[in-house]
Structure formats: C-alpha cells, structure tokens
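Here is a protein model to look over.

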Amino acid sequence: MVMPYTAIQFAVLHQLKTFAAGSSKTEDHIYLSPYLSYISGALAGCAATVGSYPFDLLRTLLASQGEPKVYPTMRTALVEIVKTRGFRGLYAGLSPTLVEIIPYAGLQFGTYDTFKRWTMTWNLYRSSNTNLQSREDGLSSFQLFLCGLAAGTCAKLVCHPLDVVKKRFQIEGLQRHPRYGARVEHRAYRNMFDALRRILQKEGWAGLYKGIVPSTVKAAPAGAVTFVAYEYTSDWLESALT
C-alpha cells in the first residue's frame with residue numbers, strides 16, 4: 001500500500017508545484033504560498049488515495065480480523081471481497097477517507113513547507129554569526145526530519161476522528177473473536193455523518209480518538225523519514241539528470 005501511495009502522492013505533488021511555481025526545481029517550490037502548498041498537498045493526497053485504496057482496505061481487514069483468521073492471505077481477502085461485495089467493495093469507506101485525506105494531506109504538506117520556511121529563516125539569522133554546513137539554505141537532514149515530524153503530528157491530531165470513521169466502514173461485517181472488539185455490523189452506518197453521530201452518542205468524544213497514541217507514534221516518524229528521503233532523492237535525481 002505504501003509504495004504506490006507514496007509514489008503517486010509525490011509525483012502528483014511535484015507536478016502541481018511545478019505548475020504553480022513555473023519551475024520544476026525543488027528549491028523554487030519552497031517559496032509557494034501556504035495556500036498553494038495546502039491545496040497541492042490535498043490534491044496529491046486524493047490522487048494517491050484513489051490509486052492505492054484497495055490495498056489500504058485489505059491491510060485494515062487483515063490487521064483487524066484477529067484470531068482465528070477469517071482471511072489467511074491477502075489474495076483470499078481480495079477474492080472474498082470481490083465475490084461478496086463486488087468490485088465496489090474494494091472501495092468501501094472511500095468517501096470518508098477522501099474527506100479525511102483532504103485536510104490531512106493539506107495540513108501535512110502545508111505545515112511542512114511552513115516549518116521549512118521558518119527553519120530556513122532561523123538558520124539565516126544564525127548564519128550571520130555561525131558558518132553552517134548546509135543544504136537548502138541551511139536545512140540539515142535532522143531539521144528536515146523535525147519539520148516532517150511536527151507536520152505529521154499536527155495533521156494526525158486534527159484528522160484522527162475521520163480516520164476512526166474510515167476504519168469503521170472498512171471493517172463492516174468482518175467476523176472476528178469478541179476479544180478483539182465489538183463487531184461492526186454490515187451497513188451499520190448510513191453515511192459518514194451518521195457514523196460520527198453514533199460514535200459520539202455511544203462512546204463520547206473519546207471514541208473518536210481511540211488509538212490516537214499508537215497511530216501518531218507510527219504516522220509522524222514515518223512521515224518525517226519519508227520527507228527526508230524524498231528531499232534527498234529528488235535532489236540527487238535532479239543533479240543526475242541535469
């Protein structure tokens with residue numbers, strides 16, 4: 001899931017920023033306005049979600065089924081979903097996912113670019129007294145990592161309730177042992193707003209933030225590493241191809 005999602009996301013993001021900035025060079029993209037960074041990130045996230053969503057669905061089902069396993073392999077899960085729900089079943093929960101990814105990806109990329117600009121300004125201020133070993137006007141790999149970590153944390157804290165709703169839709173009707181949590185009946189929620197309302201009624205606000213700690217611990221560092229890898233890889237490719 002991660003490979004096609006990340007590839008599509010950064011490819012679309014680069015094309016959108018190139019169009020907005022009028023230049024394909026990464027260093028020119030940092031000067032885009034926060035609004036354009038937000039919009040580019042949101043659109044890139046939507047494209048990546050649509051392109052990789054069936055893998056996200058299969059991952060969630062395999063992780064949620066517990067023991068004894070309903071689907072022993074990814075292939076078994078894929079065949080069973082297509083047989084029982086049709087090809088539309090591979091996109092169950094896509095609507096709340098897109099509603100989630102628009103603010104999540106927008107915030108992640110928008111705040112990442114903002115944190116980068118702030119860090120660059122801070123480094124330029126320090127450079128008057130210190131000789132920095134720098135890249136991108138003074139951003140070290142550790143600073144890029146911190147910018148990505150902060151951006152991922154902000155985005156996850158804001159958008160986690162929508163992620164909870166998305167996963168409820170994805171595991172509708174999944175047979176599993178009671179010790180792994182109450183079963184979400186098939187067609188349990190009419191739509192995303194109905195799911196939000198019912199979760200609030202039955203579980204309170206805490207229900208919308210279930211799993212927030214492990215989710216943030218996983219997503220924020222992973223996003224930070226991805227940003228650093230992307231920055232260095234794109235710089236290397238630009239230098240190698242030009």
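Q: Why is arginine 59 called partly exposed?
A: The model is predicted, so local features need pLDDT of at least 70, side-chain atom pairs count only at pLDDT 80 or more, and totals for chains, interfaces and linings use all residues. Residues are numbered from 1 along each chain as its sequence is written, and side-chain values use heavy atoms, with hydrogens and water left out. Buried means under 20% relative accessible area, exposed over 50%, and partly exposed in between (1.4 Å probe, protein chains only). Arginine 59 has 37%, so it is partly exposed.

Q: What makes aspartate 56 buried?
A: Its relative accessible area is 7%. That is under 20%, so aspartate 56 counts as buried.

Q: How do you know that aspartate 56 and arginine 59 form a salt bridge?
A: A salt bridge is a side-chain nitrogen of Lys or Arg within 4 Å of a carboxyl oxygen of Asp or Glu. Here the N to O distance is 2.7 Å, so the pair qualifies. Both residues lie in helix 3 (residues 34–64), three residues apart. Helices here are DSSP runs (H or I, at least four residues), numbered from the N terminus.

Q: Why is lysine 156 called buried?
A: Lysine 156 has a relative accessible area of 7%, under 20%, so it is buried.

Note on methods: Helices (H or I, at least four residues) and strands (E, at least two) are DSSP runs, numbered from the N terminus.
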